[in-house]
Amino acid sequence: MYPVSSSSTPGLATPPHESDDPVIDAFRVLRWASARFDDQLCVTASFGDATLAHLAHSALPGIEITLLDTGYLFAETEWFAEDLASRHGLNIKIVRPEPDLERNVWQSDTAACCAARKVDPLKRALEGHQAWVTGLRRSDSESRRAAPMVHDDLLRNVTKINPLAAWTEAHVAGYAAAHDLPEHPLVDRGYESLGCWPCTKPVAEGDDPRSGRWANTTKTECGLHL
Ligand code: SF4
């Protein structure tokens, strides 16, 4: 299901193995990715929390961090990204859907809406890149439990790198405390995973963080992470 990436570049062919310290591993894999892919690396962050953006900027200062703005993000998410950029000097690039899209498709067809507002913008963001860095974590949901730190995304023809794959909520909280990172303003209202406002609800304590996404439907992913 997850083919592991390889490379013909001597010395950089094999990504670092996971150790028993996921935080150290995240820095190591980002530095490996930078050495391996240089400016062919695309980092995307959803800004549901500050972790990936801060980590990427710390490991690779000045790296461009792409936010896919579907047009339906919570206003709080846009504010949070701007505030982090201002506090930490992040280099954020916003990629938006095509401007002439039909509106309110989410009310009748969430698959088509996600395809037009998430999957297609990601495809454009990845053009010219060989590798894609994401904030995906195994602890996000049952469907992500087996996600590796590095694998080949055959659909998009890129090496997909998930530096936070092994991170738990405790790792995220510890990293935020260590770096004095702010919390997304909707977290204390029960939003554990931030997506688009029409499709995201708060979750009950102890539930999977992503269980509020497309709640009460069978949909669990938008199509970015297959
Ligand atoms: S999460 Fe909802 S509003 Fe956002 S792109 Fe998907 S269907 Fe559309």
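First, a term: two residues are in contact if their C-beta atoms, placed from the backbone, lie within 7 Å. Now the ground rules. This is a predicted model: local features need pLDDT of at least 70, side-chain atom pairs count only at pLDDT 80 or more, and totals for chains, interfaces and linings use all residues. Residues are numbered from 1 along each chain as its sequence is written.

Start at Val43. Val43 sits in strand S1. Helices (H or I, at least four residues) and strands (E, at least two) are DSSP runs, numbered from the N terminus. What does Val43 contact, leaving aside neighbours within four places in sequence? Ala56, Ile63, Glu64, Ile65, Thr66 and Val133. Is Val43 buried or exposed? Buried, because Val43 has 27 C-beta neighbours inside 10 Å. The cut-offs: buried takes 20 or more other C-beta atoms within 10 Å, exposed 12 or fewer, and partly exposed is in between, with C-beta atoms placed from the backbone. Val43 and Leu67 are 24 residues apart along the chain, and their C-alpha atoms are separated by 8.8 Å.

Next, the sheet. Six strands form an open sheet, in the order S3-S2-S1-S4-S6-S5, with mixed pairing. The edges are S3 (91-95) and S5 (150-153), each pairing on one side only. Pairing here requires at least two DSSP bridges between two strands. S1 and S2 pair in the parallel sense over two bridges. Thr44 stands opposite Thr66 in S2.

Helix H4 lies across S1, S2, S3, S4 and S6 (158-161), and runs at about 160° to S2. For that angle, axes are lines fitted to C-alpha atoms, for helices over the stretch in contact, and angles run from 0 to 180 degrees between N-to-C directions.

Now the core. A nonpolar core is a set of buried Ala, Val, Leu, Ile, Met, Phe, Trp, Tyr and Cys residues joined through C-beta atoms within 7 Å. The largest one has 38 residues, and Ala33, Ala53, Ala56 and Val133 have the most contacts inside it. H1 gives the most to this core, with five residues. Ala53 touches Ala45, Phe47, Ile65, Leu84 and Leu90, not counting residues up to four places away in sequence.
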